[in-house]
Amino acid sequence: MPTREVRPAAPTRIEPRLGPLDAPKRAPPLLPDGLPHFRAEPRQPGAAATRPPHPPQRARSTAWLRWLLLAILLLLGLVVIAQHRDWFAHLLPSPQLDHVLDQGDRALAQGHLGDAHPPGARQFYEQAARISGDNGRAQAGLQAVGQAELMRAKTALAEHELGAAEVALKQAYALLGGGTELTTLQQQLAQQRARGVQLADLVAQAQQAYAAGHLTGADSAAGWYLQVLQADPGNAVARHGLDQVGAALARQARQALASGDINSARQQVQQIATLMPSQADLPALQAELASSARAAQQAVTQKLAAAASLIAAGHITTPAGASALDLYQQVLQADPGNSVAQAGLAHVATALMVQAHAQADAGDFSAARQLLDQAATLTPHSVELAAARARLAHAQAQASTQPVKSTQPVPAAVSPAQRQQALALVQRAQTAAARGDFLLPPGASAFDLYRQALNLDGTSRAARAGLRALPQLAADATTQALRAGQLDRAGEMLRNYAQLAPGSADVARLQHALGTAWLDLANRDLARGNHAAARSALAQAQRWAPDDARVQALAQGLGGG
């Protein structure tokens, strides 16, 4: 019997049931018009239609895409951070960076700019810049270090420390990158280096002059050293050289004091006070000079009194060695500016001229000429002496043309050509006197031109009047120069006046006035702080008014510092 294949029962399908939705629907009741009944719901404006939920497969695909996009964004962020890690590091606090910057600030405040051992401000700020390249605080610190190096270079240049200035300028240029101020300082450094070469030559010349014993004056050791100090006030070599000059002058001054040459000693001491007022030996030397000067002054006073007595007794030039002339010459040898002795020599010269007139009247023209020559050694530019020579020449000419038995003098014959030449010389002399050329230049001065005119025409009244007017013209020129403040010219005119009118009382008065003017100038220079100019003016005041108490007081003040 055939076997019947038994098939498994087909699985029974279980339909899902939706609860009340599966319940049989009841038909809505009909309305009277036969249509089904319904209720209309109000529609919400803008309401979106409810979408059905995604199926599970599509949800899994969307989640995968989201994870992929997140990974890509994370990768891109890591790349950006790697490329701009300094900027991101700047956003984050760094204890190491802050510590390095604080060290740089402290070093800058203490003035430790770029020393490597220990590190300076520059090294700390550069380390901070390496940690955070665009750190504003580090960049500002480097700029501050550059400005500080710039100031250090300025200070070094002002103190003539050229090596330190060059180092500071290089540091400033590396940090600041240039600028007008840096360029100016570099030019100044180059100029000072060039000047240093010139100063070395000046020092060498000063040392050569010192070795040759040429201490003061033109092209002297003191002059060269002063030029060096004018360009470089802190030059130690020049200061040491001036100290050596001062010591040599002090030795010369003491030698002059020992030999009784007060005038030379005074000049040496004045030079020391002018060149090196702070020299330690100067006060003692000034005290020695003052003591010797007092003793010499007492001796001078005694000699002047003795000379006056000899003049009153008629012992003018005799006996030799004990006459008034001898005593006056001794006084002037010790004190060349002694006005009393100069006036005494003028009296002696006048006495010699009187004697010459007497000899000429007696017909002894040779003796008269010898007396006038002797007077010329005492007062060579005396107007009275020039007039006396003219009178002697005229008298001798008259005597040579006068008949032996005639009792009336016959004027010497003067040719018209000689008169014309004499008149031309007088006009030239008047022009020279108007310029102030009273005694110089030789041969073309007013004095020499008037004498030449009198030699041609001894009767020329214009020449005699012009010659006699020269002393007053020189005195007037001196006064005008003093009023105008032209002190150098006033001194030149005063020297002319003293030679044209030796022994005049106005000479001493004008000398004191000129010394006072120089003293006032010295005080003004001192008030302005110009000590060098004040010492120069004081030297002139001491020359013209050495006995003035104010001059001596200022000399002591400047000599002491």
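Q: Contact means heavy atoms within 4.5 Å; which residues of helix 12 and helix 13 meet?

A: From helix 12 come Leu325, Tyr328, Gln329, Val331 and Leu332, and they meet Val340, Ala341, Gln342, Gly344, Leu345 and Val348 in helix 13. By class, this contact of helix 12 with helix 13 has 8 nonpolar, 3 polar and no charged residues (Ala, Val, Leu, Ile, Met, Phe, Trp, Tyr, Cys and Pro count as nonpolar, Asp, Glu, Lys and Arg as charged, and the others, Gly among them, as polar). The model is predicted, so local features need pLDDT of at least 70 and side-chain atom pairs count only at pLDDT 80 or more, while totals for chains, interfaces and linings use all residues. Residues are numbered from 1 along each chain as its sequence is written, and side-chain values use heavy atoms, with hydrogens and water left out.

Q: What is the handedness of the crossing of helix 12 and helix 13?

A: The crossing is left-handed, a term used if the near helix is turned anticlockwise from the far one by less than a right angle; clockwise would be right-handed.

Q: What makes helix 17 roughly antiparallel to helix 18?

A: The axes of helix 17 and helix 18 (residues 461-483) cross at roughly 155° and come within 9 Å. That angle makes helix 17 roughly antiparallel to helix 18. Their crossing is left-handed. Ala446, Phe447, Tyr450, Ala453 and Leu454 of helix 17 meet Ala462, Ala463, Arg464, Gly466, Leu467 and Leu470 of helix 18. The residues of this contact divide into 9 nonpolar, 1 polar and 1 charged.

Q: Why are helix 18 and helix 20 roughly parallel to each other?

A: The axes of helix 18 and helix 20 (residues 505-527) cross at roughly 20° and come within 11 Å. Helix 18 and helix 20 are therefore roughly parallel. Their crossing is left-handed. Ala475, Thr478, Thr479 and Leu482 of helix 18 make the contact with Leu510, Ala513, Leu514 and Ala517 of helix 20. Its residues divide into 6 nonpolar, 2 polar and no charged.

Q: How do you know that the peptide bond from Leu440 to Pro441 is cis?

A: Its omega is near 0°. Pro441 is found in the loop between helix 16 (416-435) and helix 17 (446-456). A cis peptide bond also joins Thr318 and Pro319, with omega about 0°. Pro319 is found in the loop between helix 11 (282-312) and helix 12.

Q: Which helix gives the most to the lining of the second largest pocket?

A: Helix 21 gives the most, with 7 residues. Helix 8 (221-231), helix 9 (236-258), helix 10 (262-275) and helix 21 (531-544) each supply at least two residues of the lining. By class, the lining has 10 nonpolar, 16 polar and 4 charged residues.

Key:
Helix = DSSP H or I, 4+ residues; strand = E, 2+ residues; numbered from the N terminus. Contact = heavy atoms within 4.5 Å. Axes fitted to C-alpha atoms, helices over the stretch in contact; angles between N-to-C directions. Parallel < 35°, antiparallel > 145°, perpendicular 65-115°, else oblique.
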